[in-house]
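Me: I'd like to learn how to read a fold, one feature at a time. Where do we start?

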Amino acid sequence: MFGHETGEERLIAERSNVLEADAFQDVLVVGAGLMGSSIAWLLSKAGCRVVLIDAGSFGGEASAAGAGMLAPGGEYREPSPAARFAIESLAMYPTFVRQFEKESGISIDYRKCGAIELAYDHEGWRALRRRADTQRRFGISAQMLCPSSLSALAPGLNLEGLLGVLYYPDDACVAPADLLRALRAVCECEGVRILENSPVEKIDAERRRVMVRVREQRIIGRHLVLAAGAWSSQIPVSRLGVTTHIPESFPVKGHLVGYRLLSGSLRPILRNGHHYIVQRKSGFTIAGSSEEQGGFNRSVNPERISEIRHAVGSFYTPISMLEPTREWTGFRPASESHAPTIGRVPGTNVWLAYGHYRNGILLAPATAHLVSHQITECAPQVTGR
Ligand SMILES: Cc1cc2nc3c(=O)[nH]c(=O)nc-3n(C[C@H](O)[C@H](O)[C@H](O)COP(=O)(O)OP(=O)(O)OC[C@H]3O[C@@H](n4cnc5c(N)ncnc54)[C@H](O)[C@@H]3O)c2cc1C
């Protein structure tokens, strides 16, 4: 894509402690979650030589942990560029998934299942109606349903005391594990070099190239994408030897609980306040979640699990007496601005793609297209969407 390296660049590559003689790459992508790997795939399809570097294993962090709701209905309550971006990304999903399935031969559990938002008190129901009015005006389809019509749409839902229901017909869900398996296959197929267990310690940007330090070795690229999720701002970035500020990222831990239910027993996503239930095609049913700030502590807290079980059991009776088969945690990549950081670090070829918080699975297609387009076109500098 960017042509062959110049004599000067080849010399630099040879002199430095690089992984291999021709290690001068077009793009280095740091972080092989959904964000980094889908950007790597698109850039590679556009003809770039790409190296995808991860501290652990491909897709081993938030992207694998996430529930997989593709649900702007429950997430964006006011019109904003972020809401528009989310609606755009949801619309890209069917093509995104079809392309992976076609190119990898791996089937992906993606369904336009709709989402139901529940209100068991008058204040909650008034708030939902106000929310629906606003959302319709900026492009989210939201319908009021009569609670009595729900026994067919969501059998098992606790109808007792249910005052109102909002239905989002366009919301969807995907199994992130399927998506990641397919993404790895298509990246490999396109020739993306994947380096796992390779934490990037430092990023040094010069005028026309970027170097990273990995296990005391250097890898050099023309461009670099920083997509290391909640860890992104922990990696120092310097420009011509001077440390450069990048927006802070930090983890917001979430607990999830999984149950074995009959396949097809629940179609739509169910949401009540901060709690939700989403079922995979196999019947594996996920209930969430919590939002906890306090660093990178992976432990499962039985109290949080019991809160989630109690909350979801109160509105979905099939799991009220059921023992979970799996409990896990993950780190949502949050930022102070509550919006993803997407764009270029001024004066460098370092591009940022992190901070997608609760909606990174939903936002992966739009982010990947935007970042890969900006790099291939070398668009004007933008930061903090
Ligand atoms: C409990 C929970 C539920 C969620 N539910 C949903 C949902 O229903 N819908 C939705 O859209 N989103 C959901 N999310 C959010 C979503 O999972 C994330 O926003 C998204 O996965 C972020 O992807 P990412 O690629 O930016 O980060 P990650 O998947 O975390 O990937 C970052 C990668 O960077 C690597 N890395 C870190 N440091 C370094 C380093 N120094 N060098 C190299 N690599 C490094 C990590 O090993 C990791 O693999 C949920 C998240 C959680 C935790």
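Me: Which residues of helix 2 meet helix 8?

Reply: On the helix 2 side you'll find Leu-34, Ser-37, Ser-38, Ala-40, Trp-41, Ser-44 and Lys-45. Facing them in helix 8 are Pro-176, Leu-179, Leu-180, Leu-183, Val-186, Cys-187 and Glu-190. Sorted by class, this contact holds nine nonpolar, three polar and two charged residues. Contact means C-beta atoms, placed from the backbone, within 7 Å. Ala, Val, Leu, Ile, Met, Phe, Trp, Tyr, Cys and Pro are nonpolar, Asp, Glu, Lys and Arg charged, and the others, Gly among them, polar. Helices (H or I, at least four residues) and strands (E, at least two) are DSSP runs, numbered from the N terminus.

Me: What should I know about the model itself before going on?

Reply: The model is predicted, so local features need pLDDT of at least 70, side-chain atom pairs need 80 or more, and totals for chains, interfaces and linings use all residues. Residue numbers start from 1 along each chain as its sequence is written.

Me: At what angle do helix 2 and helix 8 pack?

Reply: The general idea first: two packed helices are described by the angle between their axes and the distance between the axes. Here, helix 2 (residues 34-45) and helix 8 (residues 176-190) pack at about 30 degrees, with axes 9 Å apart. That makes helix 2 roughly parallel to helix 8. The axes are fitted to C-alpha atoms over the stretch in contact, with angles from 0 to 180 degrees between N-to-C directions. Under 35 degrees is roughly parallel, over 145 roughly antiparallel, 65 to 115 roughly perpendicular, and the rest oblique.

Me: How does helix 10 sit against helix 2?

Reply: Helix 10 (residues 360-377) packs on helix 2 at about 40 degrees, with the axes 8 Å apart. The two are therefore oblique. Helix 2 brings residues including Met-35, Ile-39 and Leu-42, while helix 10 brings Ala-364, Val-371 and Ile-375, among them. This contact has ten nonpolar, five polar and no charged residues.

Me: What about helix 5 and helix 10?

Reply: Helix 5 (residues 81-104) packs with helix 10 at about 85 degrees, and their axes are 7 Å apart. So helix 5 is roughly perpendicular to helix 10. Among the contact residues are Phe-85, Tyr-93 and Phe-96 of helix 5, plus Leu-362 and Pro-365 of helix 10.

Me: Which domains are assigned?

Reply: Bounds come from an automatic or database assignment. Domain 1 covers 7-63 + 178-248 + 337-377, and domain 2 covers 111-171 + 250-335. Their C-alpha centres lie 34 Å apart. Where they touch, 17 residues of domain 1 contact nine of domain 2.

Me: How many residues surround the ligand?

Reply: There are 43, and the closest are Gly-33, Gly-229, Gly-254, Gly-330 and Gly-360. To count, a C-beta atom, placed from the backbone, must lie within 6 Å. Strand 20 gives the largest share, four residues. Each of domain 1 and domain 2 supplies at least three.

Conventions: Two residues are in contact if their C-beta atoms, placed from the backbone, lie within 7 Å.
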